[in-house]
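Colleague: I would like to learn how to read a protein model. Could we go through one together?

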Amino acid sequence: MTTTTYDLTALADDHLAAAHRSEHGRSAELLVRQDPLRQSVIALTEGSALEEHNAPQAATLLVLRGRVRLTAVSGDTDLAQHELREIPQERHGLLALTDAVVLLTAVMAA
């Protein structure tokens, strides 16, 4: 099995640049896929959002750059660079308050 090392700073730079080129203001890449674990880097330009969607079995969100708002029925939470939060087990969304890059770690149902 081959193991890859990722430079999160370089990935954040690359995906934020790609998000600025995208008409939807976002760019994402699945980095790790080891069932049931998934890790993805997601870049959003200021004001861009991931619309409300269902939560995976378990997940966390780590802000690598910028500020985001995690929106959920139970209440919204603003997160800044280097902050980590569990994602609630309910429908939720994500809004970029500034240009932002996050690392999403999720455990998917088997």
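Colleague: Which exposed residues does the face of α1 turned away from its buried side carry?

Modeller: That face carries T9 and R21. Buried means under 20% relative accessible area, exposed means over 50%, and partly exposed is in between, with a 1.4 Å probe and protein chains only.

Colleague: Where do the model and its numbering come from?

Modeller: This is a predicted model, in which local features need pLDDT of at least 70, side-chain atom pairs count only at pLDDT 80 or more, and totals for chains, interfaces and linings use all residues. Residues are numbered from 1 along each chain as its sequence is written, and side-chain values use heavy atoms, with hydrogens and water left out.

Colleague: Which residues of α1 are buried, and why are they on the same side of α1?

Modeller: The general idea comes first. An α-helix has 3.6 residues a turn, so residues three or four places apart point the same way. In α1, the buried residues are L11, A12, H15, L16 and A19. They cover an arc of only 125° around the axis, which puts them on the same side of α1. The arc is taken from the directions that run from the helix axis to the C-beta atoms.

Colleague: How many residues does α1 have, and what span is expected?

Modeller: The expected span of a helix is 1.5 Å times one less than its number of residues. α1 has 14 residues and reaches 20 Å from its first C-alpha to its last, close to the 20 Å expected.

Colleague: What is found at the start of α1?

Modeller: There, a side-chain oxygen of D7 comes to within 3.0 Å of the backbone nitrogen of T9. A polar contact is a pair of N or O atoms within 3.5 Å; within protein, one must be able to donate a hydrogen and the other to accept it, and residues adjacent in sequence count only if both atoms are side-chain atoms.

Colleague: Which strands do the buried residues of α1 pack against?

Modeller: They pack against β1, β2, β4 and β9. Contact means heavy atoms within 4.5 Å.

Colleague: What is the order of the open sheet of five strands?

Modeller: Two strands pair if DSSP finds at least two bridges between them. The order here is β1-β2-β9-β4-β7, with antiparallel pairing. β1 (26-34) and β7 (84-86) are the edge strands, each pairing on one side only. From one strand to the next, the twist averages 20°. Helix α1 (residues 8-21) packs on this sheet, and its direction makes about 140° with that of β1. Axes are lines fitted to C-alpha atoms, for helices over the stretch in contact, and angles run from 0 to 180 degrees between N-to-C directions.

Colleague: How many bridges join β2 and β9?

Modeller: Strand β2 (residues 37-44) and strand β9 (residues 100-107) pair over eight bridges, in the antiparallel sense. L44 has A100 as its bridge partner in β9.

Colleague: Is S40 buried or exposed?

Modeller: S40 lies in strand β2 and is buried, with a relative accessible area of 15%. Not counting residues up to four places away in sequence, S40 touches E29, L30, L31, V102, L103 and L104.

Colleague: What is the order of the open sheet of four strands?

Modeller: The order is β3-β8-β5-β6, again with antiparallel pairing. Its edge strands are β3 and β6 (77-80), and each pairs on one side only. Neighbouring strands are turned by 20° against each other on average, direction ignored.

Colleague: Which residues stand opposite each other in this sheet?

Modeller: β3 (residues 49-53) and β8 pair over three bridges, and L50 stands opposite L94 in β8. β5 and β8 pair over five bridges, with R69 opposite L95 in β8. β5 and β6 pair over four bridges, with L70 opposite T77 in β6.

Colleague: Why is strand β8 largely enclosed by the rest of the structure?

Modeller: Four of the five residues of β8 (residues 92-96) are buried, so the strand is largely enclosed. A96 lies in β8 and counts as buried at 3% relative accessibility. Among the residues that A96 touches, not counting those up to four places away in sequence, are L44, R67 and V68.

How values were computed:
Helix = DSSP H or I, 4+ residues; strand = E, 2+ residues; numbered from the N terminus.
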